[in-house]
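Open the model in your viewer and keep the sequence panel beside it. The tour begins at one residue and then moves out to the whole chain.

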Amino acid sequence: MDIRNLKGSIVALVTPFHADGSVNFEKLKELTEWHIASGTDAILALGTTGESSTMTHEEDDAVLRCVIETAGNRVPVIAGTGSNSTQTMLEKSLRAQELGADGLLLITPYYNKGNPEGIYRHFIAVADAVHIPCILYNVPGRTGCSISVENVEKLSRHPNICGIKEASGDMSYAMKIAHCISPNFALWCGNDDITIPLLSIGGSGVISVWANIMPQECHEMVMDYLEGRREQAAATAVRYLELMNGLFMEVNPIPVKTALNQMGKEVGPFRLPLCEMTQAHQNQLRELLEKAGLVR
């Protein structure tokens, strides 16, 4: 499916685990079906929220295959294939393409970081090698480095790079790259709390953590804004802002998986070094879910 003209809510899907830490594929199918039924516009598998950094390549393949087969061409499926090793990212990207992914999310090289030219070549190596569209992923809070404005400008002109997930939370940076938006290059919000501001400068939607627990509301908020019901979209954003921020009271995806478990979705535990939230935070999160009407 074509993601080049995609708009709306892309869920950064969690990966459910059994109590022993193995992937719960039946639950993964259930979550995928729930998102499709709830109006989610595309599914991102194996992103940060999907705990892909703790999974083997074989598990990555199995999770992606499961989501693609379950989605059955009803919504696009995007694969997170990033790595701090460009060669590894290239191999994972080619494999995701082979498995049938509709697009790729490519992160900056965390830990070893790279200088601006190295980061540019990191992305170009994959964009030149695959034939499915690529979305850049700028999240300096996770990786320790950012994609420079100059690199965004150059990369946005590559025919196989169709957008950027901007997750720095820096509106000044977002404004500086907004001129790169075109019919061939989209700006995606990577921070739920500033989705509306990003949409206001030409964004196409959000790649969302919040959508894991409120998929219909996330989709409707974005479409309300894009279709001109801007006051309604803003009201939704303000109404659920505290909950959106609460999903980051500890490192993602600990709070969102905890929220899903509190909602009865039974997505299971985490993989170390991620572990359960403090009891105080669990209580605080439950209060937010109760306020939103998601638990009683």
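Is Thr-88 buried, partly exposed or exposed? Select Thr-88: its relative accessible area is 22%, so it is partly exposed, a class that lies between buried (under 20%) and exposed (over 50%), with a 1.4 Å probe and protein chains only. This is a predicted model, in which local features need pLDDT of at least 70, side-chain atom pairs count only at pLDDT 80 or more, and totals for chains, interfaces and linings use all residues. Residues are numbered from 1 along each chain as its sequence is written, and side-chain values use heavy atoms, without hydrogens and water.

Next, select residues 86-99. This is helix H3, and Thr-88 is in it; helices are DSSP runs of H or I with at least four residues, strands are E runs of at least two, and both are numbered from the N terminus.

Now show His-57 and Ser-83. Thr-88 is in contact with both, leaving aside neighbours within four places in sequence; contact means heavy atoms within 4.5 Å.

Zoom out to the chain. Colouring by secondary structure will bring up 13 helices and 8 strands. The radius of gyration, taken over C-alpha atoms, is 18 Å, close to the 19 Å that the globule rule (2.2 Å times the number of residues to the power 0.38) gives for 296 residues, so the chain is as compact as a globular protein of that length. Along its principal axes the C-alpha trace spans about 50 × 45 × 35 Å. Finally, colour by accessibility: buried residues make up 58% of the 296.
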